[in-house]
Amino acid sequence: MTSDLRRQLILSAAKRCFARHGFAGTTTRSVAAAAAISEGLLFKHFPSKAALYAEILAEECEADPDLMHLLGLEPSTATLVELVRGMVEHFMQITVDEQEAQRLRLMTTSHLDDGEFARLLYGKVGDLIGPVFTSSLERAVAAGEASRIGNEPLNLFWFAHHTVLTAALTRLPAVPCLTYGNAAGLERQLCEFILRGIGLNEAAIASHLDREMSPAPGQSVSAEST
């Protein structure tokens, strides 16, 4: 069996274990048993349970057709705005999906523990989305629709990510920690806050934020926006 095939076998077994027992209830020993291999062989492919879980989440992102369509768009101000809007929508709706809420809790506890899972996931998210974000921001600056802020454009992505992640955390308890004044337009306000923070000017925000997201091939705009 090739190394790649063995790796996929381990990931398939891990998905079943995580789905059945959750992250805390799954062990590398149980994954190895489900994959019919030794735990030592599993460690040759994945050094830890956190690495296994992070790889599964990365594969799920890469299998998301909407995200892949968005990441395949030509770098531009419009693409940058769509990325920010999509990130805000994902995090602010995360509590309606218990599985996603559990992942957010895991990410949070990782910061308070050894940080391994958070480091792995940040690395995968950065590799996946970072290049599109930074190249789109460069295009926005070149088009006169944004000002250059600092010398590390990828940091602006992380500042945006941390903003919405923290906002989502306030909604995890049954009684939210903050109501943000029960703002009806909270997602839009967050988008505007982030877009201003990464340097977009008011004209660009007004021009792009209200546009419908670009439809994927074979998909109507109305279908994408629902």
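Lys 49 lies over the face of Phe 23, at 4.3 Å from the ring centre; a charge is taken to sit over a ring if NZ of Lys or CZ of Arg is within 6 Å of the ring centre and within 35 degrees of the ring normal. The model is predicted, so that local features need pLDDT of at least 70 and side-chain atom pairs count only at pLDDT 80 or more, whereas totals for chains, interfaces and linings use all residues. Residues are numbered from 1 along each chain as its sequence is written, and side-chain values use heavy atoms, with hydrogens and water left out.

Phe 23 also belongs to a cluster in which ring pairs link it with Phe 18, Tyr 53 and Phe 117. Rings of Phe, Tyr and Trp (its six-membered ring) pair if their centres lie within 6.5 Å; planes under 30 degrees apart count as stacked, over 60 as edge-to-face and the rest as tilted. The structure holds eight aromatic pairs. One of them, formed by Phe 18 and Tyr 53, is edge-to-face, with 4.8 Å from centre to centre and 70° between the planes. This pair links distant parts of the chain, since Phe 18 is in helix H1 (residues 3–21) and Tyr 53 in helix H4 (residues 49–62), 35 residues apart. Helices (H or I, at least four residues) are DSSP runs, numbered from the N terminus. Both Phe 18 and Tyr 53 are buried, where buried means under 20% relative accessible area, exposed over 50% and partly exposed in between (1.4 Å probe, protein chains only). His 21, also in helix H1, counts as partly exposed because its relative accessibility is 45%.

Leaving aside neighbours within four places in sequence, the contacts of Leu 200 (heavy atoms within 4.5 Å) include Thr 77, Val 81 and Glu 145.

His 208 is placed in helix H11 (residues 202–208) and counts as buried because its relative accessibility is 8%. Between His 208 and Leu 80, 128 residues apart in sequence, the C-alpha to C-alpha distance is 9.4 Å.

Helix H7 (residues 98–112) has 15 residues and reaches 21 Å from its first C-alpha to its last, close to the 21 Å expected at 1.5 Å a residue; the expected span is 1.5 Å times one less than the number of residues. Among its buried residues are Glu 100, Arg 103 and Met 107. The buried residues of H7 pack against H4, helix H6 (77–92), helix H8 (116–142) and helix H9 (153–169).

In H9, 17 residues reach 25 Å from first C-alpha to last, close to the expected 24 Å. Its buried residues include Phe 157, Trp 158 and His 161, and what covers the buried residues of H9 includes H6, H7, H8 and helix H10 (186–197). His 161 is classed as buried because its relative accessible area is 8%. Neighbours within four places in sequence aside, His 161 is in contact with Met 87, Phe 91 and Tyr 122.

Methods. Helix = DSSP H or I, 4+ residues; strand = E, 2+ residues; numbered from the N terminus.
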